[in-house]
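Here is a short briefing to read alongside the structure.

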Amino acid sequence: MAEYRLLIETQDTKGLVYKISKILYDYELNIHNNAEFVDSQTNSFFMRTVIKGEFDKSNLLKELKEVLPKESKITLTPNIKKDIVVLATKEMHCLGDLLIKYEAGELDANIKAVISNHNTLKNLVDKFDIPFEYISHENLSREEHEEKIINTIKKYNYDLIVLAKYMRILTPNFVETFKNKVLNIHHSFLPAFIGANPYKQAHNRGVKIIGATSHFVTNDLDEGPIVAQDIIRVDHTYSWEDMREAGKNVEKVVLSNAIDLVLKDKVFIYGNKTVIL
């Protein structure tokens, strides 16, 4: 029996849940899971419903559109593994974590390729029989380099592009080409500690909390809609190297959690924030 995820984003009106549920009932579909949220400030309604059964997809969408307010966003996706392309530079902790989860069957996705502007991680990726695309940025403008990366990404099927510590600032063209498809991870010291060695800066200030943030990429650097965050506590006994290692651990966890949420269609991008259902 087929399983689908029905995502609805619309203006909140009376009887929405009843209207949607009645159509699903009339199609003899089983609601396996359901979550809703209403933003009272903007009168926005969000709903994620997991349904099981056999049905005509186009007819179901047509009937839903007829009972929902105009401009409603309706998405119906099958519950199957999605495809991701990973961009990395030299750091291996986030990429290595994803590769191990992939090999163990714990990542609900197919890693189609790893793309890097350095050759450093090739041996690691080769161990998992995943294509490694080395695209050097040397002697190329940012635009020329990105054009090569864009063309390479388009060779593969992908639902999501993951920046696993890809240490290059993306141009507006790249962001627009893959709008709402690029997920990033970074430490949460920003904007307090900018530039080289943020952990050393944080150590010098006696920071007591280390965190990580995963968000969708926009043209506002590191300010896109946040998907997942977490923290760990540190104290005076930590050297800045200890803090850096602790930071790597929380980055791995946060990125993995964010990818899981996106792949399971739990994330609604809503302005410059997200609703997670």
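A polar contact of 2.9 Å links the side chain of Thr213 to that of Gln229. Please keep in mind that this is a predicted model.

- You will find Thr213 in strand β10, which covers residues 209-216.
- Thr213 has a relative accessibility of 6%, and because buried means under 20%, Thr213 counts as buried.
- The side chain of Thr213 also makes a polar contact with the side chain of Ser188, at 2.7 Å.
- So which residues does Thr213 touch, leaving aside those up to four places away in sequence? They are Asn184, Ile185, His186, Ser188, Ile226, Ala228, Gln229 and Val254.
- Two of these neighbours, Ser188 and Gln229, are the side-chain polar partners already mentioned.

**Strand β5: which way its residues point**

- Strand β5 runs over residues 82-88 and is mostly covered, with 7 of its 7 residues buried.
- Lys82, Ile84, Val86 and Ala88 point one way from β5.
- Asp83, Val85 and Leu87 point the other way, and the residues of both sets are all buried.

**Strand β5: its neighbours**

- With strand β6 (residues 109-116), β5 pairs in the parallel sense over 7 bridges.
- Within β6, Ala113 is the bridge partner of Val85.
- With strand β8 (residues 160-163), β5 again pairs in the parallel sense, here over 4 bridges.
- Within β8, Val162 is the bridge partner of Val86.

**The chain as a whole**

- How many helices and strands does the chain have? There are 8 helices and 13 strands.
- The C-alpha trace spans about 60 × 40 × 35 Å along its principal axes.
- Of the 277 residues in the chain, 47% are buried.
- Taking contacts between residues at least 6 apart in sequence, 67% join residues that are at least 24 apart.
- The chain has an accessible surface of about 14,600 Å², and carbon and sulfur atoms account for 48% of that surface.

How values were computed
Residues numbered from 1 in each chain as written. Predicted model: local features only at pLDDT ≥ 70, side-chain atom pairs only at ≥ 80, totals over all residues. Heavy atoms only, no water. Buried < 20%, exposed > 50% of the residue type's maximum accessible area, 1.4 Å probe, protein only. Helix = DSSP H or I, 4+ residues; strand = E, 2+ residues; numbered from the N terminus. Pairing = 2+ DSSP bridges. Polar contact = N/O pair within 3.5 Å; in protein donor to acceptor, adjacent residues only side chain to side chain. Contact = heavy atoms within 4.5 Å. Areas by Shrake-Rupley, 256 points an atom, 1.4 Å probe, with all protein chains shown as cover.
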